[in-house]
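The following note sets out points for a colleague to check against the coordinates. Each point may be read on its own.

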Amino acid sequence: MRKSTSMSTSARTAAVVAALGLGAFGLGTAVPAAAAPAPVPSYAGYNGSAAEAKANKAFFQAVLKSVAEKRAAHPSSAAAVTVTYNASGAPTFSAQISRSAEIWNSSVSNVKLQSGSNADFSYREGNDSRGSYASTDGHGSGYVFLDYAQNQEYDSTRVTAHETGHVLGLPDHYEGPCSELMSGGGPGPSCTNSIPDANEKARVDQLWANGFQAALDKALQKSGQ
């Protein structure tokens, strides 16, 4: 997400970057983790853009590709697809990350989030003027960055669950009500809902039933199976 309309996401040469949707839930280049939280700024004016939507989609596709290639190499009979994450780079938010995984795992049936090694994406933390975001190089290497200041002003579990929604393929919908997780910071800091609504749950299940199969087919062709 972005913090204000004046802070648009710029193209990066090393990473595809996009704003993600909560007060400052945006995408950008990671910065080194700071020793202490920065002062809390004011976040206002969340407006999406075609560039942000494209970058969010690229992040989802990178995760999808990573999962598909691993599953093609090691076929599983499990109906649900497992997406593995590494949260070691964001120790301050370990509780929120675990809670976000629980929320999504209890909300959808075609994909499950699991902490572990050989991760499909990771979490990082630090200070960034654009707030929290997700980033990918387009080759299965992606991460969610959690900004200290934004997580002080907005409900931290909502921020984290929202960012994780991008991992699973959901776009921002800033103009939505608080009941929509992907409305992010649009409803303001008073919104503490961290649960996706029925439409968001259904969309994730659809993406991982249909979108994943296409990614798996490509992975199988690549491996010559």
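1. In this note, a residue is buried under 20% relative accessible area, exposed over 50% and partly exposed in between, with a 1.4 Å probe and protein chains only. By these limits, Asn118 counts as exposed, at 57% relative accessibility. The residue lies in the loop between β3 and β4, and its phi is near 50°, a positive value in a residue other than glycine. Most residues other than glycine have a negative phi.

2. The model is predicted: local features need pLDDT of at least 70, side-chain atom pairs count only at pLDDT 80 or more, and totals for chains, interfaces and linings use all residues. Residues are numbered from 1 along each chain as its sequence is written, and side-chain values use heavy atoms, with hydrogens and water left out.

3. Overall architecture. The protein chain has 5 helices and 6 strands, where helices (H or I, at least four residues) and strands (E, at least two) are DSSP runs numbered from the N terminus. Their order along the sequence is β-α-β-α-β-β-β-β-α-α-α. Of the 225 residues in the protein chain, 50% are buried. Contact means heavy atoms within 4.5 Å; among the contacts with a separation of 6 or more, 69% are between residues 24 or more positions apart.

4. Nonpolar core. A nonpolar core is a set of buried Ala, Val, Leu, Ile, Met, Phe, Trp, Tyr and Cys residues joined through side-chain atoms within 4.5 Å. The largest one has 40 residues, of which Trp104, Phe121, Tyr123 and Trp208 touch the most other members. At least two residues of this core come from each of α1 (50–73), β2 (81–89), α2, β3 (111–115), β4 (121–126), β6, α4 (156–167) and α5 (198–223). Beyond its neighbours within four places in sequence, Phe121 is in contact with residues including Phe59, Val83, Leu113, Val144 and Val167.

5. Aromatic pairs. Rings of Phe, Tyr and Trp (its six-membered ring) pair if their centres lie within 6.5 Å; planes under 30 degrees apart count as stacked, over 60 as edge-to-face and the rest as tilted. The structure contains 8 such pairs. The ring centres of Tyr133 and Phe145 are 4.8 Å apart with planes at 15°, so this pair is stacked. Because Tyr133 lies in strand β5 (residues 133–136) and Phe145 in strand β6 (residues 142–147), the pair ties together parts that are 12 residues apart in sequence. Tyr133 is buried, with a relative accessible area of 0%, and Phe145 is likewise buried, at 0%. Ring pairs also link Phe60, Trp208 and Phe212 into a cluster.

6. Largest pocket. On a 1 Å grid over the protein atoms alone, a pocket is an open set of points where a 1.4 Å probe fits, with protein on both sides within 12 Å along at least five of seven lines; lining residues have an atom within 4 Å of a point. Points are joined across faces, edges and corners, and the volume is the space filled by probe spheres set on them. The largest pocket holds about 420 Å³ of space. Among its 20 lining residues, Lys57, Phe60, Gln61, Leu64 and Gly211 are the closest to its centre. The elements giving two or more residues to this lining are α1 and α5, and α1 provides the largest share, 9 residues.
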